[in-house]
Amino acid sequence: MNIVFSVAETAAEGTAVFPWQSMLIFVGVIAAVLIVFKILKSSVKRLVKIAINAAIGCALLYLFSLIPSVGFSLTWWHAVLTGLFGIPAAIIIVVLHFIL
């Protein structure tokens, strides 16, 4: 018997992850980006701007996945892309979801 725990698991694309797992992936990617920027001696203002952009993108994807009629899933790939590129990646993922 296959038990479905969330809407995210019903997607046919890739391996769906639970919301807490995708949040951990977002945090890991953001931390990795911040460490790289710290090593490259970037300004703190730019680091904060990138972290805020990634957090807003994460929230946007999470909120979009809560809409049951859309059938959108959070996969590890979505989490990595949004953690790296933030809001633009979230918008592209949502648009591609409707096109494909």
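Two residues are in contact when they have heavy atoms within 4.5 Å of each other. In this predicted model, 65% of the contacts between residues at least 6 apart in sequence join residues at least 24 apart. The protein has four helices and zero strands, and read along the sequence its pattern is α-α-α-α. Of its 100 residues, 29% count as buried. The protein exposes about 6,600 Å², and carbon and sulfur atoms supply 75% of that area.

The pairing of helices H1 and H3 is a place to begin. Two packed helices are described by the angle between their axes and the distance between the axes. Helix H1 spans residues 19-39 and helix H3 spans residues 76-85; their axes come within 8 Å and cross at roughly 35 degrees. The crossing of H1 and H3 is right-handed. On the H1 side, the contact is made by Ser-22, Ile-25, Phe-26, Val-29, Ile-30 and Val-33. H3 contributes Trp-76, His-78, Ala-79, Val-80, Thr-82, Gly-83 and Leu-84 to this contact.

H3 also has other partners. Its buried residues are His-78, Ala-79, Val-80, Thr-82 and Gly-83. These buried residues pack against H1, against helix H2 (44-65) and against H4. After H3 comes Gly-86, whose phi is positive, near 70 degrees.

Thr-82 lies in helix H3, and it counts as buried because its relative accessible area is 0%, where buried means under 20%. Leaving aside neighbours within four places in sequence, what is Thr-82 in contact with? The list is Phe-26, Ala-54, Gly-57, Cys-58, Leu-61, Ala-89, Ala-90 and Ile-93. Of these, Phe-26 is also one of the H1 residues in the contact between H1 and H3.

Ser-65 is found in helix H2. With a relative accessible area of 10%, Ser-65 is therefore buried, given the limit of 20%. Not counting residues up to four places away in sequence, Ser-65 touches Phe-72 and Leu-74. Pro-19 is placed in helix H1. Its relative accessibility is 27%, so Pro-19 counts as partly exposed; that class lies between the 20% limit for buried and the 50% limit for exposed. Pro-19 and Tyr-62 are 43 residues apart in sequence, yet their C-alpha atoms are 7.4 Å apart in space.

A nonpolar patch of about 700 Å² is made by Leu-60, Ile-91, Ile-92, Val-95, Leu-96, Ile-99 and Leu-100. Which helix gives the most to the nonpolar patch? Helix H4, residues 87-99, does so, with five residues. Leu-100, another member of the patch, is in the segment after H4. Leu-100 is exposed because its relative accessible area is 82%, and exposed means over 50%.

Terms used:
Residues are numbered from 1 along each chain as its sequence is written. This is a predicted model: local features need pLDDT of at least 70, side-chain atom pairs count only at pLDDT 80 or more; totals for chains, interfaces and linings use all residues. Side-chain values use heavy atoms; hydrogens and water are left out. Patches are made of residues with over 30% relative accessible area and no salt bridge: like charges are joined within 9 Å, nonpolar side chains (Val, Leu, Ile, Met, Phe, Trp, Tyr) within 5 Å. Accessible areas come from the Shrake-Rupley method with a 1.4 Å probe; for residues, only the protein chains shown count as cover. A salt bridge is a side-chain nitrogen of Lys or Arg within 4 Å of a carboxyl oxygen of Asp or Glu. Helices (H or I, at least four residues) and strands (E, at least two) are DSSP runs, numbered from the N terminus. Buried means under 20% relative accessible area, exposed over 50%, partly exposed in between (1.4 Å probe, protein chains only). Axes are lines fitted to C-alpha atoms, for helices over the stretch in contact, and angles run from 0 to 180 degrees between N-to-C directions. A crossing is left-handed if the near helix is turned anticlockwise from the far one by less than a right angle, and right-handed if clockwise.
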